[in-house]
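Hi,

Here is the structure we talked about. Please have a look at the model, then read my notes below.

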Amino acid sequence: MKKFLLLAVAFLGFAANAQVDKIYKHSGEVVEGKVLRLDEYTVVFKYDGEDAENTFGKYAIEKIVYGKTGRVEEVTEKIIINGEEDWEKVVILEDKSYIAGLKKGGEVRGKTGLINFQTGNTGDKKAQKKLKMDAAKQGCPFILLMADKTTVGANSNALGGSQAIKTGVSYKY
């Protein structure tokens, strides 16, 4: 009878554990819990044994394995930055919820010179490129944009040019 009881408890424990969803992060961490919903840029879940809702940005998650069905859902591909030459891979994020689950890097800044011959649009692109290059230099594939300022004409400088300044915080897995 003891063997049967022990076997039944072990089976129930295994069956209960099989119902747990597994969230695989790009950092290598595996989170066990219950996935409640997938929004456009976030995954809302509950840790196993807890009632509080938690959120990860989809950029931090590689895949989700659902416990009930065993179905695997690929969420995002990992972005690998090897140096400044990979600046084009860097993604600029504009909402704090997108960075949930990522690790903070350093501050980044991109700007055009005070005296330049750029139009508003080309100056903005040049500042964005410098911002992404700064993040790539730190090995970070993501930037949370904090400020985006462009001055044009008489507000910019005495010569009437334009200047673009972008600042943000870099993030990695």
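**Findings**

K63 lies over the face of Y24, at 5.0 Å from the ring centre. A charge counts as over a ring if NZ of Lys or CZ of Arg is within 6 Å of the ring centre and within 35 degrees of the ring normal.

Some ground rules. This is a predicted model, in which local features need pLDDT of at least 70 and side-chain atom pairs count only at pLDDT 80 or more, while totals for chains, interfaces and linings use all residues. Residues are numbered from 1 along each chain as its sequence is written, and side-chain values use heavy atoms, with hydrogens and water left out.

**Overall**

The protein has two helices and 10 strands. Helices (H or I, at least four residues) and strands (E, at least two) are DSSP runs, numbered from the N terminus. Along the sequence the pattern reads α-β-β-β-β-β-β-β-β-α-β-β. Of the 173 residues, 36% count as buried. Buried means under 20% relative accessible area, exposed over 50%, and partly exposed in between (1.4 Å probe, protein chains only). Take contacts between residues at least 6 apart in sequence: 58% of them join residues at least 24 apart. Contact means heavy atoms within 4.5 Å.

**The sheet**

Six strands form an open sheet in the order β4-β3-β2-β1-β5-β6, with antiparallel pairing. β4 and β6 (72–74) stand at the edges with a single partner strand each, so one side of each has no neighbour in the sheet. Two strands pair if DSSP finds at least two bridges between them. β3 and β4 are joined by five bridges in the antiparallel sense. In that pair, F45 stands opposite N54 in β4. The β3 and β4 hairpin has five residues between the strands, and G49 there takes a positive phi near 90 degrees. At the other end of the order, β5 and β6 run antiparallel over three bridges. K63, the residue over the Y24 ring, stands opposite E74 in β6.

K25 belongs to strand β1 (residues 21–25). Is K25 buried or exposed? K25 is buried, at a relative accessible area of 9%. Leaving aside neighbours within four places in sequence, K25 is in contact with V31, F56, A60, I61, E62 and G101.

**Aromatic pairs**

Rings of Phe, Tyr and Trp (its six-membered ring) pair if their centres lie within 6.5 Å; planes under 30 degrees apart count as stacked, over 60 as edge-to-face and the rest as tilted. The count by this rule is five aromatic pairs. The Y41 and Y98 rings have centres 4.3 Å apart and planes at 40 degrees, so this pair is tilted. The pair links distant parts of the chain, 57 residues apart: Y41 is in the loop between β2 (30–38) and β3 (42–47), and Y98 in the loop between β7 (91–93) and β8 (103–111). Y41 is partly exposed at 31% relative accessible area, whereas Y98 is buried at 18%.

Y59 and F142 are also tilted, because their ring centres are 5.2 Å apart with planes at 50 degrees. This pair too links distant parts of the chain, 83 residues apart: Y59 is in the loop between β4 (53–57) and β5 (61–65), F142 in strand β9 (residues 142–152). F142 is buried, at 1% relative accessibility.

Finally, ring pairs link F45, Y47 and F56 into a cluster. F45 is the residue opposite N54, and F56 is among the contacts of K25.

Best wishes
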